[in-house]
Amino acid sequence: MRQEATCSLVLTQDAQHRKNQPPLAEEDDDRDHTDDAMPPPCSILLRQEEGEATAAAAAAAAGEGLLVPPLNFAMVDHGVYRSGFPDISNLPFVESLRLRSVLCLCPEPYPEANQEFLRAHGIRLFQFGIDGSKELGFGTENRCCLQEPFVNIPEDRIREALKVVLDVANHPVLIHCKRGKHRTGCVVGCLRKLQRWCLTSIFDEYQRFAAAKARVSDLRFMELFDISSLKHLPASFSC
């Protein structure tokens with residue numbers, strides 16, 4: 001009984017002592033709120049400097065200008081490139097190629113902004129318009145025009161385009177159509193025939209860019225394209 005009474009007395013005194021003391025948690029909370037409300041002067045300066053540095057970095061990044069290549073851009077050979085139609089955002093990248101000429105395979109008038117860019121940089125434009133419509137000889141997803149697979153792929157324009165590409169005086173040259181898949185793929189595929197690539201490699205390269213949009217008519221055109229009239233022209237552009 002004496003031990004239980006002693007323990008009871010100690011617990012009562014301890015509880016009374018805690019009750020008389022201000023709660024530590026509330027002091028900490030008050031201190032935290034005070035710190036948030038009144039940050040030290042050095043902290044304010046650091047935050048301002050950090051914000052200014054972030055803004056300066058963002059301005060520098062915007063000033064540098066990121067180079068964005070056109071759709072389906074790739075190097076074909078030394079001094080020969082391929083792509084989809086370059087838009088305004090792609091022009092800084094095109095400028096970095098230091099082109100001498102651009103070979104466009106679209107029949108539509110060349111955009112004025114692109115023409116101004118070419119004139120400003122002394123780049124010559126060659127345009128051999130080829131209709132890119134799938135309904136006119138290039139085939140459709142469900143009907144590939146197997147009876148007349150290349151009726152509307154004008155062989156004479158492909159041949160003239162190849163002459164531009166084979167002339168190293170026009171290099172560096174960028175070959176492009178709208179998406180850089182079918183018309184550009186046919187020109188590059190016929191160039192590969194001149195470079196003595198096997199048909200399997202030619203078709204593999206074509207399908208790498210055309211993917212699910214590959215057209216049987218294009219493959220047939222490349223397979224049957226006669227390179228005999230172009231054999232006298234050099235087809236190697238190595239340094």
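**Salt bridges in a predicted model**

Glu155 and Arg159 sit four residues apart, about one turn, and both belong to helix α7, residues 155-166. Helices here are DSSP runs of H or I with at least four residues, strands are runs of E with at least two, and both are numbered from the N terminus.

Before going further, the ground rules. This is a predicted model, so local features need pLDDT of at least 70 and side-chain atom pairs count only at pLDDT 80 or more, while totals for chains, interfaces and linings use all residues. Residues are numbered from 1 along each chain as its sequence is written, and side-chain values use heavy atoms, with hydrogens and water left out.

Back to the pair. Glu155 and Arg159 form a salt bridge, with 2.4 Å between the closest N and O atoms. Salt bridge here means a side-chain nitrogen of Lys or Arg within 4 Å of a carboxyl oxygen of Asp or Glu. By that rule the model has five salt bridges, and I will show three of them, this one included. As background, side chains of opposite charge can pair when their charged atoms come close.

How covered are the two partners? Arg159 is buried at 15% relative accessibility, whereas Glu155 is partly exposed at 33%. The cut-offs are under 20% relative accessible area for buried, over 50% for exposed, and partly exposed in between, using a 1.4 Å probe and protein chains only.

Next slide. Which residue does Arg192 pair with? The partner is Glu205, and the closest N and O atoms are 2.9 Å apart. Arg192 is in helix α8 (residues 182-194) and Glu205 is in helix α9 (residues 199-210), so this bridge ties together parts 13 residues apart in sequence. Both ends are buried: Arg192 has a relative accessible area of 4%, and Glu205 comes to 6%.

Arg220 and Glu223 are three residues apart in helix α10, residues 216-224, which is about one turn. Their closest N and O atoms are 3.8 Å apart, and the pair counts as a salt bridge. Arg220 is partly exposed at 36%, and Glu223 is partly exposed at 34%.

Last, the chain as a whole. It has 10 helices and five strands. Of its 239 residues, 36% are buried.

That is what I have. I can go back to any of the pairs.
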